[in-house]
Amino acid sequence: MKVMHTLSVFPTLLDYAQISPLILRVALGLIIGLMAHHSLRAKLGGAPLFSPATFRGEAVVHLLEFVAALLLVIGLFTQLAALAVIIFVTLRWNAAKKSFMSFDQQALFILMKVVALSLMFFGAGFFAFDLPL
């Protein structure tokens, strides 16, 4: 049998290919989580996190966004959480379109969608609860 060798500068790193979804998953989860936390605090004003004001209107969306980010970070239901992130990023993009949106903001939204889409196809990577069977 013929062994195929790839042209790679660091071929031994290919043995650790499952680390890249881990890095993408944790980074996206932290960014989305920080954005959701910031938006939730802004919507609540000075109210406590688990007050009746939390479960009204747009605050519920930010709370669900935070839950999706948490699921991404811990690696549980990664594909479902990535789909939810795509939906939440689309909602944020549509809300941001009403005002001026810089190129950096547009690039960030596109990059977050692409990372979430790649996580839907590649899975969670190392150190996740939903490893493929």
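The chain has 4 helices and 0 strands; helices (H or I, at least four residues) and strands (E, at least two) are DSSP runs, numbered from the N terminus. This is a predicted model, in which local features need pLDDT of at least 70 and side-chain atom pairs count only at pLDDT 80 or more, whereas totals for chains, interfaces and linings use all residues. Residues are numbered from 1 along each chain as its sequence is written, and side-chain values use heavy atoms, with hydrogens and water left out.

Colour the chain by accessibility. Of its 133 residues, 32% count as buried. Buried means under 20% relative accessible area, exposed means over 50%, and partly exposed lies in between (1.4 Å probe, protein chains only). Contact means heavy atoms within 4.5 Å. Among contacts in the chain with a separation of 6 or more, 67% are accounted for by residues 24 or more positions apart.

**First stop: helix α1**

Select residues 19-44, which form helix α1. This helix has 26 residues and reaches 37 Å from its first C-alpha to its last, close to the 38 Å expected at 1.5 Å a residue. The expected span is 1.5 Å times one less than the number of residues. The buried residues of α1 include P21, L22, L28, I32 and L44. What covers the buried residues of α1 includes α2 (58-74), α3 and α4 (103-122).

Now select L40, which is found in helix α1. Is L40 buried or exposed? At 4% relative accessibility, L40 counts as buried. Then move to G45, which follows α1 and has a positive phi, near 70°.

**Second stop: α1 against α3**

Show α1 together with helix α3 (residues 78-97). Two packed helices are described by the angle between their axes and the distance between the axes. Helices α1 and α3 pack at an angle of about 45°, with their axes 12 Å apart. Axes are lines fitted to C-alpha atoms, for helices over the stretch in contact, and angles run from 0 to 180 degrees between N-to-C directions. The two helices α1 and α3 are therefore oblique to each other; angles under 35 degrees count as roughly parallel, over 145 as roughly antiparallel, 65 to 115 as roughly perpendicular and the rest as oblique. To find the contact, display R25, L28, I32, M35, A36 and S39 of α1 with T78, V85, V89 and R92 of α3. By class, this contact of α1 with α3 has 6 nonpolar, 2 polar and 2 charged residues. Ala, Val, Leu, Ile, Met, Phe, Trp, Tyr, Cys and Pro count as nonpolar, Asp, Glu, Lys and Arg as charged, and the others, Gly among them, as polar.

Select E65, which lies in helix α2. At 2% relative accessibility, E65 counts as buried. Which residues is E65 in contact with, leaving aside its neighbours within four places in sequence? They are I32, A36, F88 and R92.

Continue to F77, in the loop between α2 and α3. F77 has a positive phi of about 50° although it is not a glycine. Most residues other than glycine have a negative phi.

Select α3, which has 20 residues and reaches 28 Å from its first C-alpha to its last. What covers its buried residues includes α1, α2 and α4.

The axes of α3 and α4 come within 8 Å and cross at roughly 165°. The helices α3 and α4 are therefore roughly antiparallel to each other. Their contact includes A82, L83, I86 and W93 of α3 and F109, I110, L117 and M120 of α4. The residues of this contact of α3 with α4 divide into 14 nonpolar, 3 polar and 2 charged.

Select M120, found in helix α4. M120 is partly exposed, with a relative accessible area of 26%. Leaving aside its neighbours within four places in sequence, M120 is in contact with Q79, A82, L83 and I86.

**Last stop: after α4**

Finish with F127, in the segment after α4. F127 has a positive phi of about 55° although it is not a glycine, and F127 is exposed, with a relative accessible area of 70%.
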